[in-house]
Each structure stands twice: as C-alpha cells, then as structure tokens.
Amino acid sequence: MPQSTTDIQNDIIENFSLFDGDMESTLFYLMDLGKKLPVMPAEHKTEDYIVKGCQSKVWVFPNFSDGKVSMEADSNTEITKGLVYLLWSIWNNRTPDEILETELFFIDKIGMSRMIGSQRSNGFASMIKQMKLYALAYKNSDRDA
C-alpha cells in the first residue's frame with residue numbers, strides 16, 4: 001500500500017529537519033532531490049505544459065489512467081527541480097480527490113519561505129495551482145464519462 005500524502009509530507013519534514021536550519025546544506029539537499037525525478041521526454045517539454053508564473057522553466061505533463069493522475073515534471077534549474085520533485089513525490093499516482101484534498105502542511109514546517117525567495121515562492125504556488133487544476137480537470141472529465 002502506498003504511503004499517504006500525510007506520511008510523505010511527514011517524511012519530508014523529518015528529512016529537512018536534519019539540516020537544522022543550515023541553508024546551504026538544505027539547498028544542496030533540495031537540488032539532490034530534483035535528480036530523483038524520472039527523465040521527462042523532450043516531446044512533453046512544450047509551451048502547453050509550461051507552468052505559468054514561474055521564473056524558471058517548469059513543465060508538468062499530466063496523464064490520467066485507472067482513476068489516478070500521474071505526472072511527469074522537470075525544470076531547467078536545479079533548485080526549482082527540487083521543489084517540483086517535492087510536489088511530485090506527494091501527488092504522483094494519486095486520485096484527483098487525493099490531490100485536491102491534500103493540505104500541504106510541509107511547506108511551513110520546513111521553513112520554505114526562508115529557503116526560497118518571493119519569486120520562487122510565487123512560482124511554487126503556480127506549480128501547486130497547475131497540478132491541482134490538472135486534478136480538477138480529470139475529476140470533472142471522469143464524472144462526464
């Protein structure tokens with residue numbers, strides 16, 4: 001049985017707490033996390049899948065099958081790639097309802113606002129919004145089927 005979105009967020013909080021506020025180590029860890037994202041095929045890195053509102057380029061390519069949303073994600077910068085990995089690790093292969101109902105409590109608990117500037121915070125909010133919009137679209141299309 002896969003971990004719940006709550007358990008994954010608690011793991012994220014626990015892992016980030018190991019750095020005890022050391023910003024440099026925390027950012028290196030975040031960049032390392034981005035390397036865990038599966039490689040996104042180049043043909044999915046199109047304007048259609050760019051997350052609007054991010055200073056860096058971020059792509060999220062959704063797929064819906066067997067009632068679950070799976071996502072491919074990538075970014076052209078390492079820190080942003082780490083940020084998108086965190087969301088991907090929580091929401092990949094979840095039902096639209098799980099994505100829409102997840103409260104992302106890890107963001108404040110790991111002190112993300114201290115870690116990333118306001119521009120990246122806006123971009124991170126855009127990633128969250130885009131992933132939730134995909135989930136909402138799939139939920140509505142599933143209902144229409």
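Modeller: Happy to, and please keep in mind that this is a predicted model. The largest nonpolar core has 40 residues, and those touching the most other members are L30, V60, W91, F106, M112, F124 and M127. At least two residues each come from α1, α2, β1, β2, α3, α5, α6 and α7. Helix α3 gives the most, with nine residues.

Biologist: Why is L86 called buried?

Modeller: L86 has a relative accessibility of 1%, and the label needs a value under 20%, so L86 counts as buried. L86 is placed in helix α3.

Biologist: Which residues is L86 in contact with, neighbours within four places in sequence aside?

Modeller: Those are I12, F16, L30, L33, F106 and M112, with that exclusion. For F106, which is 20 residues away along the chain, the C-alpha separation from L86 is 9.6 Å. The contact itself is judged on heavy atoms within 4.5 Å.

Biologist: And what does V60 touch, leaving out neighbours within four places?

Modeller: With those left out, V60 is in contact with M40, Y49, V51, M71, E72, A73, V84, M131 and Y134.

Biologist: Let's turn to the rings. How many aromatic pairs are there?

Modeller: The count is five. One of them joins F19 and Y29, with 5.1 Å between centres and 40° between planes.

Biologist: What makes the F19 and Y29 pair tilted?

Modeller: The centres have to lie within 6.5 Å, and stacked needs under 30 degrees while edge-to-face needs over 60. At 5.1 Å and 40°, F19 and Y29 pair up and are tilted. F19 belongs to the loop between α1 and α2 and Y29 to helix α2, so the pair ties together parts ten residues apart in sequence. F19 is partly exposed, at 22%.

Biologist: Are F64 and Y138 buried or partly exposed?

Modeller: The cut-off is 20%. F64, at 22%, counts as partly exposed, whereas Y138, at 19%, counts as buried.

Biologist: Which residues do ring pairs link into a cluster?

Modeller: F16, F19 and Y29 are linked that way.

Biologist: How do you know that the charged end of K45 sits over the ring of W59?

Modeller: The charged end of K45 is 5.4 Å from the centre of the W59 ring, and the distance limit is 6 Å. The rule also asks for an angle within 35 degrees of the ring normal, and K45 is listed as sitting over W59.

Technical notes
Residues numbered from 1 in each chain as written. Predicted model: local features only at pLDDT ≥ 70, side-chain atom pairs only at ≥ 80, totals over all residues. Heavy atoms only, no water. Core = buried A, V, L, I, M, F, W, Y, C linked by side-chain atoms within 4.5 Å. Buried < 20%, exposed > 50% of the residue type's maximum accessible area, 1.4 Å probe, protein only. Helix = DSSP H or I, 4+ residues; strand = E, 2+ residues; numbered from the N terminus. Phe/Tyr/Trp six-rings, centres within 6.5 Å; stacked < 30°, edge-to-face > 60°.
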